[in-house]
Amino acid sequence: MNFVDEVTVQVKAGNGGSGCSSFRRESHVPKGGPDGGDGGKGGDVVFVVDEQLSTLMDLRYRRHLKAENGRSGQGNNRTGRSGKDTVVRVPPGSMVYDLENNELLKDLLVPGETFVVAKGGDGGRGNSRFATSRNRVPRRCDPGFPGVEREIRIELKILADVAVIGYPNVGKSTLIRKVSNATPKVADYPFTTLIPNLGVVYVDGSREFVMADIPGLIDGAAEGEGLGHRFLRHVERCKILLHLVEVEATRNDPLEDFRRINHELEAYSPELARKKQLVALNKTDLLPDKAVVQPLKEEMQRQDRKLYEISGVSGVGVSELMRALAEEIQPEAPPEPDEGWNPLNY
């Protein structure tokens with residue numbers, strides 16, 4: 001499995017270099033003065049958002065991130081070289097927490113955004129900094145300041161416009177494979193996806209959105225059953241939920257499945273449960289008896305929702321559903337009214 005969405009890392013910025021205590025020794029200069037330089041600054045540990053990444057896999061085996069220490073100052077007022085920064089690339093949607101108090105330090109969303117997670121220590125002052133009219137031969141110099149050291153937790157919440165949710169084996173992976181460039185595993189035997197899959201959906205050549213196939217939820221997911229919290233947190237950033245239901249996957253009661261999944265969303269986060277939902281009945285070409293889905297249709301009518309009937313395998317109804325999602329995310333601008341021909345406009 002190449003998808004990693006949570007890691008714990010020890011970060012240590014570089015220490016500042018020590019200041020130098022030195023005095024000039026030059027020919028034809030009978031009285032040399034202090035000329036000790038300052039120490040160099042310690043390197044920072046910097047996170048940079050890289051939109052080419054979609055997992056924290058690169059940090060799974062890098063449990064210690066350390067920047068270079070600054071060099072000590074030298075005579076002739078030469079400042080020590082600053083330590084090199086340690087730059088770490090992270091995917092968009094990475095949330096950096098201080099492990100000691102669970103404080104959110106930064107939510108990294110924008111590609112190219114940088115965040116100094118541990119700042120390097122400043123260099124110490126050389127003895128030339130302490131020369132005064134009363135103290136012309138200072139021998140004092142400061143040690144460098146230590147760099148920041150902390151243990152952090154990085155949590156990834158994938159960024160997508162649409163999150164496809166539902167019980168295992170309702171056809172989420174088949175649907176996202178049908179409409180996008182994603183290639184999740186699908187087969188003619190029951191199994192559940194273990195990692196989220198992202199795909200870009202193009203609609204009518206003019207609009208596009210990112211769809212995420214969220215691994216199947218189960219009863220008790222909000223309390224941590226299965227991989228509950230790990231899956232549900234990936235839904236939080238999406239704009240719209242596409243709720244897939246079907247007959248064969250669970251108890252031949254799509255209405256009950258719909259209610260149970262929404263109960264898990266409500267238990268995990270009321271805000272998540274209030275997100276806009278489009279409901280689609282999948283595998284309609286395999287329905288043994290259409291009367292089985294009648295209670296679900298009546299419930300959708302009562303809630304003033306449209307129930308989209310689709311087949312992820314044959315593609316029936318899929319185009320209409322994708323256009324509806326695109327319209328919710330990026331509504332088409334209404335055409336400008338035709339005011340007719342006017343010679344003043346030419």
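The questions and answers below go through the terms used for this predicted model and the values behind them.

Q: Why is arginine 63 called partly exposed?
A: Buried means under 20% relative accessible area and exposed means over 50%, with partly exposed in between (1.4 Å probe, protein chains only). Arginine 63 has a relative accessible area of 43%, so this residue is partly exposed.

Q: What does arginine 63 touch, leaving out residues up to four places away in sequence?
A: Contact means heavy atoms within 4.5 Å, and by that criterion arginine 63 touches Thr8, Val9 and Gln10. Arginine 63 is found in the loop between β2 (45-49) and β3 (64-66), where helices (H or I, at least four residues) and strands (E, at least two) are DSSP runs numbered from the N terminus.

Q: Which backbone oxygen does the side chain of arginine 63 reach?
A: A polar contact is a pair of N or O atoms within 3.5 Å; within protein, one must be able to donate a hydrogen and the other to accept it, and residues adjacent in sequence count only if both atoms are side-chain atoms. The side chain of arginine 63 reaches the backbone oxygen of arginine 60 at 2.8 Å, which therefore falls within the cut-off.

Q: Which residues of helix α1 are buried, and what puts them on the same side of α1?
A: In α1 (residues 172-179) the buried residues are Lys172, Ser173, Leu175, Ile176 and Val179. They cover an arc of only 160 degrees around the axis, which puts them on the same side of α1; the arc is that of the directions from the helix axis to the C-beta atoms. These buried residues pack against β9 (162-165), β10 (197-203), β11 (207-213), β12 (240-245) and α6 (318-329).

Q: What makes a set of residues a nonpolar core, and how many residues has the largest one?
A: A nonpolar core is a set of buried Ala, Val, Leu, Ile, Met, Phe, Trp, Tyr and Cys residues joined through side-chain atoms within 4.5 Å. The largest has 39 residues, and those with the most contacts inside it include Phe209, Met211 and Leu242. The largest share of this core, seven residues, comes from α6. A second, separate core of 22 residues includes Val4, Val9, Val11 and Ala118.

Q: Why are β10 and β14 (307-309) said to stand at the edges of the sheet?
A: The open sheet of six strands has the order β10-β11-β9-β12-β13-β14, with mixed pairing. β10 and β14 each have a single partner strand, so one side of each is left without a neighbour in the sheet.

Q: How do you know that β12 and β13 (276-281) pair?
A: Two strands pair if DSSP finds at least two bridges between them, and six bridges join β12 to β13, which run parallel. In this pair isoleucine 240 stands opposite lysine 276. β13 and β14 pair in the parallel sense over three bridges, whereas β10 and β11 pair in the antiparallel sense over seven bridges.

Note on methods: Residues are numbered from 1 along each chain as its sequence is written. This is a predicted model: local features need pLDDT of at least 70, side-chain atom pairs count only at pLDDT 80 or more; totals for chains, interfaces and linings use all residues. Side-chain values use heavy atoms; hydrogens and water are left out.
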